[in-house]
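Please read them beside the coordinates.

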Amino acid sequence: MDVQDFGNCRQRYSGSVILLASGPSTAEFPLKRYAGVPVLAMNGSILRCTDEGIVPFFYLCDDPGFVRNRPMLARQGASQALNLAMSLHCFQALHGFAPDVLSGKSLYLLERANRMQGQAVLSDRAYAWSVRKDPDLLCGFSLLHNKPNRIGFSFNMGKGYFGARTIPYASLQLALHLGFSQVFIVGMDLNTSLGRFYEAGEKAIPSTLDEDYDDYILPSFALTREKAFLERGVRVFNLSANSRLPHSVVPKISMDEMDSLLGMSAVAGREC
């Protein structure tokens, strides 16, 4: 595989970007209306891009289980997107299913912070302490409890990313790595009972959102709002009115407000 260096795309873009997640509210979002705004699609949200005739700027997947359980969707994302950002195990699983789909694509390797290829793996606490002065990485730190040491945010995907147990969080880190400063997140409902827009019933892939929300998802976004959004002037908005994530952490806005913020005439995602 011809894997690209994340440094090649760092801070090369500006303006607005849409992060397209897979919650049920994604089915109601008029994606075609915002065809001028770059889209970072992830997992099954590629179906909405297909329906609306949108070519994603990036397609992300860091769960090899998704590739194994939904191989046609993963293949669809890889086929349609201009760039792919996947974990090594996802690339391997996709290559085993559809080897030709990766040919000629710009491939970027998603690696977890403190889990980088060829680097020593530190304890969570030791790693959190080691990056405390790194401007590219934010990380919680605690001597008493280990979970805060697993909470973080990366502004440089070449140094890895923090998972937070939900793919929109990885997508958000990629968006800021690329240089986008106004981020609209679609379909981040974070509600296990509602499922994903593209599956239902017994065929639905089990979700761990309920188990991970209090320990990882909410603390990760809360840390990011304080240390990334506010201090660096990045604006992030949630288009899901019923999202489990509170408005105080990621502001919830309507499509009318999104239209106003975009100006609906601005050309977003222009290369610097």
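1. The face of α8 turned away from its buried side carries D256 and S260, both exposed (over 50% relative accessible area; buried is under 20%, partly exposed in between; 1.4 Å probe, protein chains only). Helices are DSSP runs of H or I of at least four residues and strands runs of E of at least two, numbered from the N terminus. The model is predicted: local features need pLDDT of at least 70 and side-chain atom pairs pLDDT 80 or more, while totals for chains, interfaces and linings use all residues. Residues are numbered from 1 along each chain as its sequence is written, and side-chain values use heavy atoms, without hydrogens and water.

2. Buried in α8 (residues 255-262) are M258, D259 and L262. They lie on the same side of α8 because they cover an arc of only 100 degrees around the axis (taken from the directions from the helix axis to the C-beta atoms). The buried residues of α8 pack against β2 (16-20) and β9 (182-186), with contact meaning heavy atoms within 4.5 Å.

3. The whole structure holds eight salt bridges (a side-chain nitrogen of Lys or Arg within 4 Å of a carboxyl oxygen of Asp or Glu). In one of them, D124 and R150 have their closest N and O atoms 2.8 Å apart. D124 lies in helix α5 (residues 124-130) and R150 in the loop between β7 (137-139) and β8 (152-154), so the pair ties together parts 26 residues apart in sequence.

4. A network of salt bridges links R10, D134, D136 and K159. Within the K159 and D136 pair, the closest N and O atoms are 2.9 Å apart.
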